[in-house]
Amino acid sequence: MAAVRQAACSRVLEKCGLEQILEALKLLLSPGEGSGSNSLQITKHDILLATLKSNLSALEDKFLKDPHWKILKLLRDEIANEAEWPQDSVDVTWRFTSQTLLLLLCLKETMLRLAADFNPGKPNPKTPETAPALSPDTLSISQQKTVQSVLQFVVTLGVCPYLAPGVGVPLRFRTEFGAVVQDVVCLSAAPSATRRLYTSCRALLSVAQHASLGSLVFCRHLGDIAAGLCQLGFCPSKRSSLSPEEEVLTEEERALSRKALRDILDQVYQPLAVRELLILQGGPPQSCSEGKMQVRCRAPAWLRRLCGQLLSERLMRPSGVQAVVRGVLEGAGAGAAGGSDAEATAADWKKCDLIAKILASCPQQSLSPEDYYRDICPQILDLFHFQDKLAARQFQRVATTAFLTMSREQPQLAAKYLLQPVLAPLHRCLNTAEIPESDMVPGTILVTEEQLSQCIEDIYKVYVVGNEPLPVLVDSLLPVLGVLFSLYCFTKQSVSHIRSLCQEILLWILGRLERNKAVASLKGFAGLDKSVPSLHSLCHFRAATQGGIMITIKEAVCDEDEDEALYQKVSSEQCRVEHLGGLLSHCQECGLAGDFFIFCLKELTHMAVENETEFKMKSFSNKSLLELEQHQTLLVEGQERKLLVLQLVALLCERMSEQIFTNITQVVDFVAATLQRACASLAHQAESTVESQTLSMSMGLVAVMLGGAVQLKSSDFAVLKQLLPLLEKVSGTYPDPVIQELATDLRITISTHGAFSSEAVSVAAQSTLNKKDPEGKREEQQQTSYERYSDVSHGHLEPQQSHVASHEVREPSTTAKQKSGSVTTEELQEALLSAYDPQIPTRAAALRTLSRWIEQREAKVLGMQEKLLKIFLENLEHEDTFVYLSAIQGVALLSDVYPEKILPGLLAQYDSSKDRHTPETRMKVGEILMRIIRALGDMVSKYREPLIHTFLRGARDPDSAHRASSLSNLGELCQRLDFMLGSVVHEVTACLIAVAKTDHEVQVRRAAIHVIVLLLRGLSQKATEVLRDVLKDLYHLLKHVVCLEPDDVARLHAQLALEELDEIMRNFLFPPLKLEKKITVLP
C-alpha cells in the first residue's frame, strides 16, 4: 500500500504547478469585508474569526467545484494523510494554521520535484553572454512576498501564542494585530498548546528543507522558531513525574526538538543566530514604575542558562568571535556591520566594552582558561585585519577593548597568546634572538613586508589607540623598543606609511615608562648602552616592492667594501642621533628631554673626571698581543662614547628650546651638573673661558630663582640644598674672588630659605635677566623676528648658553620705542649702516626698523625713498630668511606709499629673464607684488593693465616656479578687479584653460585651477555678470579637470571651484525671499 501511495503521489506532483498552490495561499490570505473598519476591540476579534472561517470555506469550495484544483486537492490530501498531527479542531485559528502548513508542504514538494526534473542544456559557446536558464523552482518577487505573508500568519497563529511567558517576545508587544491574535486563540480546545507548537515547528522545519523557502523562513522567523524549539526540548515539566499518557510530548519528540534546534543554529548565518539568542536570553529585570506596566517578562532561568550555553558554543566555533561581534553590533541597532549606521555604532564604547567582557570571560564549556585563550586569541587578532573600512573601525575597536580587558584580567595568558604573536616579527630580529642556520643565508627575508606592516599597525591600535598603560603591555614592548627606533630611523630616509605609527608608538611608550627606564631606553637608542636589546647585527631593513619595509639578512662585506661599510656605519650612527633629537623635540612638555639632557651633562662631567694618563703611562712590555688588542679596543670604544656624548649635547643644544626644563628639580640638576663639571675642570687645572662663562651663567640662574623670578616653596628649597656642597667647593677653590663671593652668598640664601640675600645675588640676577632682554624693556606689539631669535640665543634655560653666553648681538638703538616724528638723523644713519651689518640679526632688525618708520610715515625716512629701495632690493638677494623677508616687507610698504614710482621697476624685474635675475629673486619679487596688490585693494584697478600683462607673460615663462607664481598673483589681482575685469576676461580665461589642460608641471596646473577658485570666490554674486561670456567655458574646464586630471590636489581645487559656482548659480536662480512690505505715501 505504501508503494502504491507513493506512486500516486508522484503522479500528482508531476501535474501540480506552483501557480495553483500560490493562488490557494493567496485565497487564504484574502482580507474580509470588515477588516478595514475602525471598530471596537471585540469587533476586531469577530472580524478576524469570520475572515479566517470565510477563507477556509472559500478554499474548500474551490477544491470541490473547480476541476482545475482537483490535482492540488489530491496532493494536499496525500500530504495530510502522511502528516501525523491533528488537523480538525474547534479552534478556527488552528484549522487555518493546519491548512496553511499543508499548502506550504505542497509547495515544498512541488519545488523539489521541479528542481529534480530540471535539466538545463549546454551553454552555446557562440553566445557566452547569454544568461543561463532559470530553474523552474525559482520564485518571483511577488511570489516571495506571498510566501512571506503566509509564513508570518503561520508563525503568528501557530507558534507565538503557545510560547510560555518570558520565552520570546509576546505578540501583544509587537503589533496591534498580534494583540488581537493573542486573545482570539482558544488554548483550551484540542489539540493542546504544546502539541500545536510542536506541529508548527516541525512543519516549518520541513518546509525549510528547500533552500529558497528556508531562507524565507529563517530570515525573519528564526527567533520565534528557536524559541519554540527551546521550549519543546528544554522546558522542564511542572510536575516531577508524569505517566506516559499524561505527557503531551514523548521523550523522543523532545530529543528531536533539541537536535533540530542545534541543527538550525549551526546552519544559519552565525551573527543572526547570536542576535536571536541574545534576544531570547533577555536583559536584566525591569522595575515597574507607578502607572506603567512592565514591558516584558524576564526570561525564565532555564532559558537564560540554555541561551548562555548556546552562545558559548557559537563563540567556541571557528570564526565564532567574529560571529559574536557581528551579532551584538547588528543586534544593537546598527544594521549590518559596516552599514550606514556603522559610524554611530563605532563611537559607542559601551557596546565594545560589553563584547570585550564577553570575550574575556571563560565559558563553562571550556576545559581551562588557557585552552579558551588558545582558541580565542587568534580570532581576536584577526579582527584587526579587516579590509572593509567601516566594518574595520568597529572590529578594531572591539579587538582593542578585548585586548586590553584580557591583559587586565589575565596578564600572563594575554602575554602568551596575544602579545607574543603581535610582537613576534620584532622579536625575530633582536640581537638577543637566535637566528636558525637555515635563515643565515644573505638575502633571506626574516620578516616580510606584510608581516612588519601588520605588526606595527597592531601595536599602534593596541597601545596608542587603546591608551591604557597596563604593566604587561609596557613590559612586553620594552625589549623591542630598540628595533622600533631603528625602524623609525629607516622610515625617515624616505616616504613610508608606517613612519608616523612608529613615532606615535615611541612617544607613547616613552611618556608612560618610569623616568629611569625611559632614560635608559634613550641611552640604548643613542648607542650609549649596549645592554639594551637592539636590531641584530646581521639584519637590516630594506624597501619592499609594495612601498613597505622588510627585514633581511645582510650581504657579506668584502675586503674592498670595508671603507664603504665603515662610512655607512658612521653615517647611520649620525642619523640615529639626529632622529633621536627630532623624537626628543616632542618630549619637552613631559620633561623627558630635560632629564636626558641632564644625563648627557653628567656624562660630560664623568669625561672630565676620567684620567686617561693612567692608561697612557701604564707599561705594556710584559703583556701579550691579545691583551694589547683588547686594551686598544677599550680605548677606541671609550673615545667613541665620548664623541657620541659630545654630539648628543651639541644636538640637544641646537634642537631643544628654552622650555626644555619643566620644573625646579630639573633646573637644579642642570646647575648641579654644571657646577660638578666646573669643579672637575678645576681639579685637573683645565679651566677655560667657556667653563668660566658656563659657571657664571649657572650661578646667575640660581640667583634669578632666589631673586623672586620663581615663586619658591619649602619643597623647592629642599631641592636647592643639594647645591650647597658644590657651592662650598666653588667658594673655596675657584680663583676668581667675585665668583667665590657669589657662591658664598648663594649658600647663605639657600640655607636661610631666602631670608637673607646679599647685594651680589641681586646684581647677578639682574645681570642674567639683562642678558635675556638687553635694554630691559620690550613691546609685544613690536616684537620682531630678530627679538625672537635673540630670546632663543640668550634664554637663561637654554643649553646653548655654555657656548654663546659671552656673545651679545648688537641691536641698533632704533629698535627702542619710537614715536612718529621723533626719528633723529643719527638714528636714521645708524639704521642705514646696520642694514649692511654682516651679523644677520642686526641686519634683519635694522630692516624691520626702517619698515616700521615707513609705515609710520616718518618724513625723514620717506625723503630717502630711492636709497631705501636700493637697500631693500640688495637685501632681497640675501639667503637668510630673516633678512629677505624683512626686505620684502620693506619694499611692499614703500610701494604702498609711492606705487607710481616703484611698481614699474618691480614689474620689469619680475618680467626679466633668468639671465638678469635668479629664479629665487624673481619669486621674492612676486611675493612683493602680491603684498602690494593686497595693500592697494580697490585702487589696484589703476594699475590693471601693466599687472595683468606681466602676469600673463609670466604664465608662459620657461621656469615652472615662475609660471605658478604668476598665476597665483593673477588670481589675487582678478579677485579684486570685479567689473574692471570685463575687458580682459577672455584673455585671462584662455590662459587658464590652456595652462590647466596642457602644462606638464603639476604645480602650475594647480595654480591655474586655484585662480578660478579665487576668481569665483572674489566675485561671488557678481560672477554671473562679470563672467557672463566665459562662465560656460570655465565650467567645462572644471569638469574636465575633475574627470581627467591625475593630480589629487588639482582635482580638489576644481571641486571647490565647482562648489563655489554651484552656490553662485543657486543664489542667482533662486534668490532668497525677503519679507518686506512696500508702503506708498499718497500725495
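Is Arg-922 buried or exposed, and what is its relative accessible area? Keep that question in mind; the first exercise settles it.

The model is predicted, so local features need pLDDT of at least 70 and side-chain atom pairs count only at pLDDT 80 or more, while totals for chains, interfaces and linings use all residues. Residues are numbered from 1 along each chain as its sequence is written, and side-chain values use heavy atoms, with hydrogens and water left out.

**Exercise 1. Describe the setting of Arg-922 and find its charged partner.**

Step 1: Arg-922 belongs to helix α42, residues 919-936; helices are DSSP runs of H or I with at least four residues, strands are runs of E with at least two, and both are numbered from the N terminus.

Step 2: Check the cover. Arg-922 is buried, with a relative accessible area of 1%. Buried means under 20% relative accessible area, exposed means over 50%, and partly exposed is in between, using a 1.4 Å probe and protein chains only.

Step 3: Find the partner. A salt bridge (a side-chain nitrogen of Lys or Arg within 4 Å of a carboxyl oxygen of Asp or Glu) joins the side chains of Arg-922 and Asp-957, at 2.9 Å from N to O. Asp-957 sits in the loop between α43 (944-954) and α44 (960-977), so the pair ties together parts that are 35 residues apart in sequence.

Step 4: Check the partner's cover. Asp-957 also counts as buried, because its relative accessibility is 13%.

**Exercise 2. Work out how the salt bridges of Glu-370 and Glu-109 are placed.**

Step 1: Start with the total. The count comes to 27 salt bridges. Side chains of opposite charge can pair when their charged atoms come close.

Step 2: Take Glu-370. Its side chain meets that of Lys-416 in a salt bridge of 3.0 Å, N to O. Glu-370 lies in helix α16 (residues 369-382) and Lys-416 in helix α18 (residues 411-427), so the pair ties together parts 46 residues apart in sequence. Glu-370 is partly exposed at 30%, and Lys-416 is partly exposed at 40%.

Step 3: Take Glu-109. Its side chain forms a salt bridge with that of Lys-108, at 3.1 Å from N to O. Glu-109 is partly exposed, with a relative accessible area of 29%, whereas Lys-108 is buried at 4%.

Step 4: Look for a network. Salt bridges link Arg-262, Asp-266, Glu-313, Arg-314 and Arg-317.

**Exercise 3. Classify the ring pairs Phe-386 with Phe-395 and Tyr-463 with Trp-508.**

Step 1: Set the rule. Rings of Phe, Tyr and Trp (its six-membered ring) pair if their centres lie within 6.5 Å; planes under 30 degrees apart count as stacked, over 60 as edge-to-face and the rest as tilted. A search of the whole structure finds 11 aromatic pairs.

Step 2: Apply the rule to the two Phe rings. Phe-386 and Phe-395 are 4.4 Å apart, centre to centre, with 45° between the planes, and the pair is tilted. Phe-386 is partly exposed at 23% relative accessibility, while Phe-395 is buried at 0%.

Step 3: Turn to the other pair. The ring centres of Tyr-463 and Trp-508 are 5.6 Å apart and the planes stand at 80°, so this pair is edge-to-face. Tyr-463 in helix α19 (residues 449-465) and Trp-508 in helix α22 (residues 499-512) are 45 residues apart, and the pair links distant parts of the chain. Both Tyr-463 and Trp-508 are buried.

Step 4: Phe-485, Tyr-488 and Phe-525 form one aromatic cluster.
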